Amino acid sequence: VAQDIINNVKLKCCGIKVLYKNKQGITMCGIVGYIGFRDAYPILIQGLKRLEYRGYDSAGVALINNEGVMNVYKEKGKVSNLEALTSQRDISGQIGIAHTRWATHGEPSAINAHPHVSQSGRLALVHNGIIENYSNLKILLEKEGYTFKSSTDTEVLVQLIEYMQKKYDKSLENATIMALRMVVGAYAIAVIDKNCPDKIVVARKSSPLVIGIGADHKEFFIASDALPIVEYTKQMVYLNDNEVALLKIGKKIEINNLNYEDITPEVKEVNISLESLEKGGFEHFMLKEIYDQPRCMADCMRGRLLLNEKRIVLSTINMHRERLMKAERFIIVACGTSWHAGLIGKQLIEQWANIPVEVEYASEFRYRNPVISPDDVVIAISQSGETADTLAAFQLAKENKAMCFGIVNVVGSSIARASDTGIYIHVGPEIGVASTKAFTGQVTVLTLFALALGHERGTISKEEYESTIEELGNIPEKIKSVLAKDEEIKDIARSLTYAENALYMGRGFNYPVALEGALKLKEISYIHAEGYPAAEMKHGPIALIDENMPVVFVATHHQLYKKIISNIEEVKARNGRIIAVVTEGDEAVKEIAEATIEVPSTLASLAPLLSAIPLQLIAYHVAVEKGLNVDQPRNLAKSVTVE
Ligand code: M6R
């Protein structure tokens with residue numbers, strides 16, 4: 001049957017012929033698995049907690065105990081609900097798989113939760129992705145007598161594997177390959193078979209999957225990213241698209257592609273400290289990550305910003321000088337917060353390196369016919385390195401032979417691996433769904449890159465290059481002094497708690513900061529907020545202003561300061577409530593505003609690195625005051641691998 005499948009385009013099976021386009025559409029769930037000599041359950045539950053940022057609609061676990069019985073537990077909602085369900089149940093077993101779900105097909109419920117079990121009860125499977133042709137496969141299987149309990153695409157896949165296993169008398173790994181050859185869509189899967197409790201089969205296409213290898217291959221860990229694995233082993237294999245791996249106790253990993261060809265696993269050493277995955281005494285990850293920023297910036301600049309020598313060293317420029325020098329244009333593709341960082345990057349690169357930069361929403365870019373030339377450099381900015389639209393935009397750039405430059409946080413992520421070159425932001429794992437330290441890390445890297453490029457091209461003066469380097473070195477301490485105002489900011493934030501709407505305004509380098517401040521507020525406090533370039537206000541948004549409308553101005557003391565004061569006056573004249581981020585010692589705005597938050601003086605080009613911090617704290621405190629789930633806001637997930 002599988003031989004009839006041609007490149008995921010044409011499926012002809014059991015008399016039914018269906019045509020598909022191979023488009024990318026992926027979900028964002030988290031999967032974990034373990035096989036070895038320890039109790040699997042605690043590893044799986046802890047792993048799910050580390051991955052809960054990827055989705056928290058439901059959670060489930062399947063374990064095979066020493067008598068060969070497979071126990072499957074699933075519950076709607078968070079991992080803690082699953083834990084409550086499993087207390088007093090048989091959770092023994094040294095092999096198991098688990099899942100935390102962000103629902104796509106089928107409402108969030110225990111029935112639709114993973115793992116899904118095959119008709120005979122022999123196989124259990126967890127899946128992160130979308131099987132696009134699941135309804136047609138379901139029809140085929142129904143004709144063969146299969147029935148379905150859930151409304152998910154995943155249940156179809158586990159039944160299909162069992163069908164292949166039975167009909168063609170195949171091993172679990174070969175049946176999985178046969179089934180996957182029939183699948184159109186995206187997946188990272190892990191499958192266990194209670195008749196073969198010494199193996200787990202995993203596979204990947206367009207959804208991430210990492211395998212951790214224990215000493216002497218006596219145990220294996222699997223997960224959607226390295227976070228659940230790092231406390232057990234640093235030896236990891238990142239599975240590539242269309243690869244299927246067999247993990248068997250005491251044996252080396254065996255990897256095949258969907259054409260049954262052997263692939264040699266590439267083992268990487270991954271270094272993530274355990275403490276970076278904990279809250280470290282803070283109430284929420286988001287707060288910890290906001291407070292992490294001075295250290296993150298220092299880490300991000302270490303070895304790159306040479307303060308004593310007043311120069312910047314970036315290996316990407318050393319290695320790709322010629323290509324970068326002849327770049328005619330940069331195109332930045334990104335989503336959400338990363339897109340905001342891109343808007344700042346555009347201003348920096350144009351100002352210092354004198355190269356035109358376009359900043360594109362990756363989701364729009366990938367679906368039109370953008371003009372991309374081999375002399376373009378396409379920069380993908382992504383914290384997770386897994387955002388589906390950004391990855392697809394990058395792939396489009398690659399097809400058009402542009403240079404693919406990644407600015408990514410997660411080492412070994414899909415975008416990092418798809419890059420020709422790039423710069424890691426090195427801010428450590430960001431767990432809170434609202435991006436904070438990744439934003440300042442991205443802006444820092446873009447600043448270093450723009451300065452270094454400008455210096456190479458001779459488009460920035462020596463004075464500006466050196467004075468900006470010197471001031472960059474001061475920024476971590478200056479961020480600390482903003483953080484020291486947290487109590488003051490918390491008081492100001494209280495006044496926003498009952499607002500239904502808010503506007504954020506900024507100009508120049510602070511305009512993207514206003515967009516970012518508004519995004520932070522809406523995503524975690526559920527208050528409708530919009531960001532604007534302040535001068536755009538009179539072209540429409542000013543009609544919204546009355547005594548109930550809080551307007552947050554980012555009005556630090558830079559070249560457009562006088563202009564933004566006029567914009568603040570315009571709001572004041574219409575009784576709007578003004579909160580402003582200003583430079584220390586500011587007097588003019590203080591006279592007009594209801595409240596001001598001072599940040600230390602710095603260069604205009606570096607202002608976002610300071611002015612973003614109070615806006616992050618405002619959003620955080622409003623959400624806490626409203627009693628909301630700060631780290632896991634509703635409907636969102638950290639890694640948006642859905643288009
Ligand atoms: O991982 P990425 O940087 O590619 O993610 C992009 C956006 O999904 C992300 O920035 C999102 O907007 C954040 N939740 C914002 O806080």
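Cys404 has a relative accessibility of 0%, so Cys404 counts as buried (under 20% relative accessible area; over 50% is exposed, and in between is partly exposed, with a 1.4 Å probe and protein chains only). The model is predicted, so local features need pLDDT of at least 70 and side-chain atom pairs pLDDT 80 or more, while totals for chains, interfaces and linings use all residues. Residues are numbered from 1 along each chain as its sequence is written, and side-chain values use heavy atoms, without hydrogens and water.

**Residues in strands**

Cys404 belongs to strand β23, residues 403-408 (strands are DSSP runs of E with at least two residues, helices runs of H or I with at least four, numbered from the N terminus). Setting aside residues up to four places away in sequence, Cys404 touches Val378, Phe394, Ala397, Lys398, Ala418, Ser419, Asp420 and Thr421 (contact means heavy atoms within 4.5 Å). One of these, Ala418, is 14 residues from Cys404 in sequence, and their C-alpha atoms are 7.6 Å apart.

Val237 sits in strand β13, residues 235-238. With 2% relative accessibility, Val237 also counts as buried. Beyond its neighbours within four places in sequence, the contacts of Val237 include Leu209, Val210, Ile211, Ile253 and Pro265. Val210 is 27 residues away from Val237 along the chain, yet 5.8 Å separates the two C-alpha atoms.

Helix α4 covers residues 153-168, and its 16 residues reach 23 Å from first C-alpha to last, close to the expected 22 Å (the expected span is 1.5 Å times one less than the number of residues). Of those 16 residues, 13 are buried, so α4 is largely enclosed by the rest of the structure. At its start, a side-chain oxygen of Thr152 comes to within 3.2 Å of the backbone nitrogen of Glu155.

Helix α17 covers residues 510-525; it has 16 residues and reaches 22 Å, close to the 22 Å expected. Here too 13 of the 16 residues are buried, so α17 is largely enclosed by the rest of the structure. Tyr526 follows α17 and has a positive phi near 60°.

**The ligand and its surroundings**

Which residues come nearest to the ligand? Of the 15 residues around the ligand, they are Ser338, Ser382, Ser384, Thr387 and Glu523 (a residue is near if one of its heavy atoms lies within 4 Å). The shell consists of five nonpolar, eight polar and two charged residues.

| Protein atom | Ligand atom | Distance |
|---|---|---|
| Ser338, polar side-chain atom | oxygen | 2.6 Å |
| Thr387, side-chain N or O | oxygen | 2.4 Å |
| Val433, backbone N or O | nitrogen | 3.1 Å |

The ligand taken alone exposes 410 Å², and the protein buries 91% of that. Helices α10 (336-353) and α17 are the elements that give two or more residues to the shell.

Ser338 also has a protein partner. The side chain of Gln442 makes a polar contact of 2.9 Å with the side chain of Ser338 (a pair of N or O atoms within 3.5 Å; within protein, one must be able to donate a hydrogen and the other to accept it, and residues adjacent in sequence count only if both atoms are side-chain atoms). Gln442 lies in helix α14, residues 437-457. Its relative accessibility is 0%, so Gln442 counts as buried. Not counting residues up to four places away in sequence, Gln442 touches Thr337, Ser338, Ala341, Ile381, Ser382, Gln383 and Ile425.

Methods:
Areas by Shrake-Rupley, 256 points an atom, 1.4 Å probe, with all protein chains shown as cover. Nonpolar A, V, L, I, M, F, W, Y, C, P; charged D, E, K, R; others polar.
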